[in-house]
Amino acid sequence: MKTIYKYFTLGILGIVMTSCNNGKSLQQYFVDSSNNPEFITFDVSSNILSIAEDELTPNQKETLHSIKKLNVLALKLDDSNESFYKEEKEKIKNILSSDSYQEIMRFNTGNARGVVKFLGEDDAIDEVILYGSDDSKGFALLRILGDNMNVENVGQLVEVIQKGTLDQSQLGSIGKIFSEVK
């Protein structure tokens with residue numbers, strides 16, 4: 001009986017240890033970076049998405065209403081922080097390369113490039129990540145947090161946002177970064 005208990009305990013311990021992820025999460029990266037003055041960070045409610053709902057399909061409207069909050073993190077590149085920029089860009093690349101994140105789309109507009117990924121299931125997305133960088137300007141990382149968003153509708157919503165219906169005036173100077181990554 002003690003042998004069975006011992007093997008059972010070792011099995012459970014093994015499962016727990018292998019299921020722990022020692023990699024840094026995107027949420028932890030946001031928290032750590034928010035304490036660094038090099039970064040521009042802020043959280044906003046979903047009402048910053050000033051999208052004319054009459055332009056949206058019913059599914060896109062449903063997705064829009066499922067969005068709770070947006071986390072924004074940006075790093076403006078200048079002569080004094082080029083090596084820091086490269087290090088941080090590599091950290092983000094490593095985090096987003098995790099199998100946890102599924103890719104929706106990639107974009108490349110010459111100098112600027114980016115990716116849209118998500119966490120969750122295709123029909124129940126809880127987090128969408130938009131990451132764009134330009135090696136002459138910097139990078140911006142946007143986390144869209146919501147409940148049960150749909151991958152197809154999120155992809156369509158990203159296209160609507162890229163067409164310029166995001167109220168960039170509410171983003172201040174960081175809106176310029178997003179507008180150049182269209």
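The buried residues of helix α2 pack against β1, β2, α4, β5 and β6, where contact means heavy atoms within 4.5 Å. The model is predicted, so local features need pLDDT of at least 70 and side-chain atom pairs count only at pLDDT 80 or more, while totals for chains, interfaces and linings use all residues. Residues are numbered from 1 along each chain as its sequence is written, and side-chain values use heavy atoms, with hydrogens and water left out. Helices (H or I, at least four residues) and strands (E, at least two) are DSSP runs, numbered from the N terminus.

Helix α2 covers residues 26-34, and in this helix Leu26, Tyr29, Phe30 and Ser33 are buried. Buried means under 20% relative accessible area, exposed over 50%, and partly exposed in between (1.4 Å probe, protein chains only). Seen down the axis of α2, the buried residues fall within an arc of 100 degrees, so they line one face of the helix. The arc is that of the directions from the helix axis to the C-beta atoms. An α-helix has 3.6 residues a turn, so residues three or four places apart point the same way.

The six strands form an open sheet in the order β1-β2-β6-β5-β4-β3, with antiparallel pairing; two strands pair if DSSP finds at least two bridges between them. At the edges stand β1 (39-45) and β3 (102-109), each with a single partner strand, so one side of each lacks a neighbour in the sheet. Direction ignored, neighbouring strands are turned by 10 degrees against each other on average. Axes are lines fitted to C-alpha atoms, for helices over the stretch in contact, and angles run from 0 to 180 degrees between N-to-C directions.

Nine bridges join β2 (residues 67-76) to β6 (residues 138-149), and leucine 73 has leucine 141 of β6 as its bridge partner. Serine 66 belongs to helix α3 (residues 58-66). At 15% relative accessibility serine 66 counts as buried, and, leaving aside residues up to four places away in sequence, serine 66 touches Leu145, Gly146, Asp147 and Met149.

Helix α4 (residues 82-96) lies across β1, β2, β4 (112-121), β5 (124-134) and β6, at about 150 degrees to β5.
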